[in-house]
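Have the viewer open as you read.

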Number of protein chains: 2
Amino acid sequence: MLTLDGLKLKKCITIDELKASVGQRVAFSACVHKIRYMSGFAFVILRTGRYLIQSVHDEKICTSDISALKEGCYINITGQVKEDKRANYQLEIILESFDILSLPEADYPLHVSNKHLGCSIETNLEYRSVALRNPYERAAFKISEGVVSGFREFMLKEGFTEIHSPKIVAAGAEGGANIFTLKYFDKNAFLAQSPQFYKQTCVAFFDRVFEIGPVYRAERHNTTRHLNEYIGLDFEMGFIDDMTDVMNMETAMLKHILQHLREHYKNELEITGAVLPEIDSIPVLTFFEALEAIGSPRKYDLEPEDEVKLCNYAKEKFGSEFIFITHFPAAKRPFYAMNDPENDKLALSFDLLFRGLEITTGGQRIHNYKEQVAKMQKMGLNPDDFRTYLDIFKYGMPPHGGLGIGLERLVMKLLDLQNIRQASLFPRDLTHLDP
Amino acid sequence: MLTLDGLKLKKCITIDELKASVGQRVAFSACVHKIRYMSGFAFVILRTGRYLIQSVHDEKICTSDISALKEGCYINITGQVKEDKRANYQLEIILESFDILSLPEADYPLHVSNKHLGCSIETNLEYRSVALRNPYERAAFKISEGVVSGFREFMLKEGFTEIHSPKIVAAGAEGGANIFTLKYFDKNAFLAQSPQFYKQTCVAFFDRVFEIGPVYRAERHNTTRHLNEYIGLDFEMGFIDDMTDVMNMETAMLKHILQHLREHYKNELEITGAVLPEIDSIPVLTFFEALEAIGSPRKYDLEPEDEVKLCNYAKEKFGSEFIFITHFPAAKRPFYAMNDPENDKLALSFDLLFRGLEITTGGQRIHNYKEQVAKMQKMGLNPDDFRTYLDIFKYGMPPHGGLGIGLERLVMKLLDLQNIRQASLFPRDLTHLDP
C-alpha cells in the first residue's frame with residue numbers, strides 16, 4: 001500500500017543551484033518565454049517562477065526538435081550549464097533534450113516577452129492572467145511578498161502576535177458611507193473597513209498584535225492611488241507612553257523591510273529598476289507646522305497635493321523620503337482616536353507620507369471606557385450600537401496605539417509605479433471585478 | 001525638531017529575559033490577572049502577552065499600596081526576580097513598586113483567572129473580548145500563529161511565492177448556493193469560496209504559490225466543525241507528475257509545522273495539554289478501498305462518521321493519526337478537478353483526514369483548455385461565464401495541483417478542542433456576527 005513520508009519533494013531550481021552547476025548537466029521545468037532563431041541555432045529564453053534563463057538550441061546537440069516548441073508552452077529540459085558573461089546571471093544552458101508538458105491553445109494577446117508590456121492599464125487588466133506573465137509585471141508581486149515577509153519577521157521578533165480577524169462585520173470602524181453591505185443570513189452586515197476593533201480587542205490579552213489581511217472601502221474614487229479592496233498591514237501595541245512609541249516602531253519596521261528587500265529581492269529590484277529609500281531618521285511635523293512649511297492656508301486635512309509638497313519639503317530640508325505628520329484636527333479623525341490633552345481640538349493621530357503619498361494612518365487610541373463613551377456621544381454616535389466594542393474598555397484596556405499601512409501603496413512607491421493597480425494582482429476598482 | 005530613528009524601541013519582556021534576571025531588578029508591564037491575599041502578604045498573578053507570572057506583594061517591601069489594585073487593571077511594575085521551584089517558570093517577582101496605568105470600569109463577567117472558563121460556548125462568545133483573556137482560551141491563537149508561521153516558513157523555503165487574491169469576486173469557485181452575495185457598485189458580486197482560480201492563475205508565472213486568507217461559505221450548518229468565515233492555508237504547484245507530488249509536499253509541510261510548534265510554542269502546548277501527533281509516513285487509500293476498509297456500502301462522498309471510522313482504522317492498522325483518501329467519485333468534485341485517465345468516473349482528488357476530521361481537500365487540476373471546456377459543458381456549466389478563468393488555459397498552463405487546509409480545523413484537532421469556535425478569535429456562524 002502507498003504511504004507518503006514527505007522526504008523526497010519535487011524541487012524547483014534556484015539561480016544559486018544553477019550557478020553551482022556550471023560545467024554540469026541539469027534538469028528543470030520552465031515556460032518557453034521567447035524563441036529567437038539565429039543562423040544555425042536558436043536562443044530559447046526559459047521562464048522559471050523567478051528567473052529568465054537563456055538556453056541555446058543547436059540541432060547538432062539537442063535531440064529534441066525545436067519546431068515543436070512554441071512561446072508559452074511548458075517544458076522539462078536537460079542541458080549543460082555554461083558560463084556566459086553576456087547572459088542573465090552570467091550563465092547559459094546548452095539544451096540536450098526537452099519534453100513538452102503542455103501547449104497553449106492561442107498566442108499571447110500581449111507582448112509578454114518584451115521588457116515592458118507597452119499596453120494601457122486597461123488592456124493589461126483585460127488580459128490580467130497574461131499580463132502577469134511579463135517579468136516586469138510579476139516582479140512587483142515578489143516585492144510585495146518581500147514587504148510582507150519583512151513586516152511579519154519584524155513583528156514576530158518584537159513580540160507581536162499574528163491575528164486573523166473577521167472581514168464580515170456588524171459595524172464599520174471608520175464610519176461613513178464608504179462601506180460595502182451584504183446580507184449575512186437574516187442580518188445586515190458589512191465588509192470590514194479595517195481590523196481596528198479586533199486588533200484593539202486583542203491588545204487586552206496579547207499586548208501586541210499584527211494582522212495582514214484584506215481591507216474594504218466602497219469609495220467611488222477612480223484614481224491612480226485608490227483600490228476598493230487592498231491588503232492592510234496593521235499593528236496595535238499596548239503599554240505605550242505616547243504615540244511616538246508607535247511611530248518609532250514603524251520606523252524600525254520600515255528599516256527592517258528595506259533591509260529584507262535588499263538581502264533577498266535583489267533580482268526583482270534589478271528587474272524593476274527600483275531605488276530603495278535610505279532611512280536614517282524620519283522627521284516629524286505637527287499638522288499645523290506642516291501647513292506652514294508648505295505655505296498652505298489652515299484646513300482640516302491634507303490634500304493629495306499637500307502630501308506631494310510635504311514630501312518635497314522633507315527631502316530638501318531633511319534629506320528624508322519619509323515624513324510623519326502628527327496632531328491632526330480631531331474632527332477629521334475617527335472616534336477611537338485619543339484627543340490631545342493639551343488641545344482638545346487635536347487628535348493624537350499621525351500619518352506617514354512617502355514619496356508624495358500617505359501610506360500609513362495611526363495614533364494613540366482612547367483606552368478609558370467613560371472617555372470613549374463621551375467621545376462617541378460628542379460625535380453623534382450612539383454607544384448602544386457599539387456594545388461589544390465598548391466591552392473591551394469596560395473590562396479594562398492598557399494605554400495603546402497602532403497603525404495601518406496600505407501594502408499596495410507602499411509597493412507602488414517603492415517601485416515608482418504610476419498606477420496602484422500594478423501593485424495589486426487582481427485589482428478591485430469601480431469597474432474591475434473580474435478576474 | 002523631533003526625528004525618529006527606530007533605534008530604541010518599547011520592549012515587552014520575555015520569559016528568557018526574566019530567567020536571565022534572577023537576583024536582579026526588572027521593570028515590565030502587565031495585567032493584574034488574579035490577587036490572592038495570604039496572611040501578611042499577597043500573590044499578584046501578572047498576565048503578560050504570553051505568560052502568567054507570580055509576583056508577591058509584601059507591604060514591608062513594596063512602596064505601592066495593594067488596595068489600589070484590582071483584577072483586570074494594567075500596571076507597570078518593578079521588582080526583584082527570585083527563583084521559586086513551585087511557581088510557573090520557576091520564578092517569582094518580589095514587587096518593589098507599581099504604577100496603575102488603567103483601571104477597568106467593571107469586574108469580569110467570566111471566570112477569567114480560572115484555568116478553564118467553565119461557561120457554555122454561548123456565554124463565551126457573548127463576552128468574547130473577556131473570554132479571550134483566559135490563558136487557556138488565548139493559547140489556541142498562539143498555536144494558530146505557530147501553524148501559520150510554520151506553514152509560511154515551509155512554503156517560502158520550497159520556493160512558493162506568497163500571494164494575496166481578492167475576496168470580492170465575480171464567480172464562485174466551488175459552485176452551488178453556499179455563497180454570500182453582495183452589491184459591488186452596480187454589479188452583483190460574491191465572497192470568495194476559495195482562492196482556487198487565482199492561485200491557478202499565478203502558477204502560470206510563479207510556478208508555485210501559497211496564500212493565507214479568509215474563505216467564505218454561506219452554509220446553513222450549525223455544527224461544532226463548521227464556520228462561515230475561516231482562514232484557508234492554500235497552495236498550488238506547477239510541474240507535478242501526479243497528485244502524490246502535492247500530497248508529499250503536504251506531508252513534509254505538516255512535519256515542518258509540528259516541529260515548529262514543538263520548538264517555539266512549548267508554553268502553549270503545556271497550557272492546552274496538547275499532544276501533538278507524530279508523523280512518520282501517512283497511509284493512502286482510494287475512496288473505494290476506504291469504504292471497504294470500514295465496511296461501508298458504496299456511496300459518492302464520505303460522511304462525518306466515515307471520517308471518524310477511517311481515522312480509527314488508520315490509527316489501529318498503520319499507527320497514523322492522518323490518512324489520505326484519493327480517487328473520489330468525480331460527480332462530487334469540482335469542475336476543475338482532473339479526471340482519472342484510467343476511470344473517467346473518478347477524480348484525481350484527495351482529502352486528508354486527521355483525528356476524525358477532513359482538514360484538507362486537494363488534487364490535480366485540469367491544465368488543458370479543451371479538456372476544461374468539455375468538463376464544464378458536461379457538468380452543465382456555461383464556459384462563457386468563465387471567460388477570464390478559461391484564459392489561463394488558453395494561453396498555457398503547466399500540469400499542476402494544490403490543496404486547501406482549514407486553519408481552524410487543524411488547530412481544533414491539534415488541541416483537541418470540542419468546538420471549532422474555540423479556534424476562531426471571532427467566529428462567524430449562523431447566529432454570530434458581533435463581535
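## A salt bridge between the chains

B:Glu105 forms a salt bridge with A:Lys370, and their closest N and O atoms sit 2.8 Å apart. For the term itself, a side-chain nitrogen of Lys or Arg has to lie within 4 Å of a carboxyl oxygen of Asp or Glu. Between chain B and chain A, the count comes to 10 salt bridges.

Keep in mind that this is a predicted model, where local features need pLDDT of at least 70 and side-chain atom pairs count only at pLDDT 80 or more, while totals for chains, interfaces and linings use all residues. Residues are numbered from 1 along each chain as its sequence is written, chains are lettered from A and ligands numbered from 1 in the order in which they are written, and side-chain values use heavy atoms, with hydrogens and water left out.

## The rest of the interface

Polar contacts turn up too: 60 residue pairs across the interface of chain B and chain A, both residues at pLDDT 80 or more. Such a contact is a pair of N or O atoms within 3.5 Å; within protein, one must be able to donate a hydrogen and the other to accept it, and residues adjacent in sequence count only if both atoms are side-chain atoms. On the side of chain B that touches chain A, helix H4 (residues 135-157) of chain B gives the largest share, nine residues. Helices here are DSSP runs of H or I with at least four residues, strands are runs of E with at least two, and both are numbered from the N terminus.

In total, 127 residues of chain B are in contact with 128 residues of chain A, contact meaning heavy atoms within 4.5 Å. The area buried between the two chains is about 10600 Å², with 62% from carbon and sulfur atoms; that is the accessible area (1.4 Å probe) that two parts lose on being put together, summed over both.

## Strands across and within chains

Strand S1 (residues 3-4) of chain A runs antiparallel to strand S13 (residues 282-286) of chain B, joined by two bridges. Pairing requires at least two bridges found by DSSP. In this pair, A:Thr3 stands opposite B:Pro283.

Within chain A, S3 (residues 42-47) and S4 (residues 52-57) pair in the antiparallel sense over six bridges, and A:Ile45 stands opposite A:Gln54 in S4(A).
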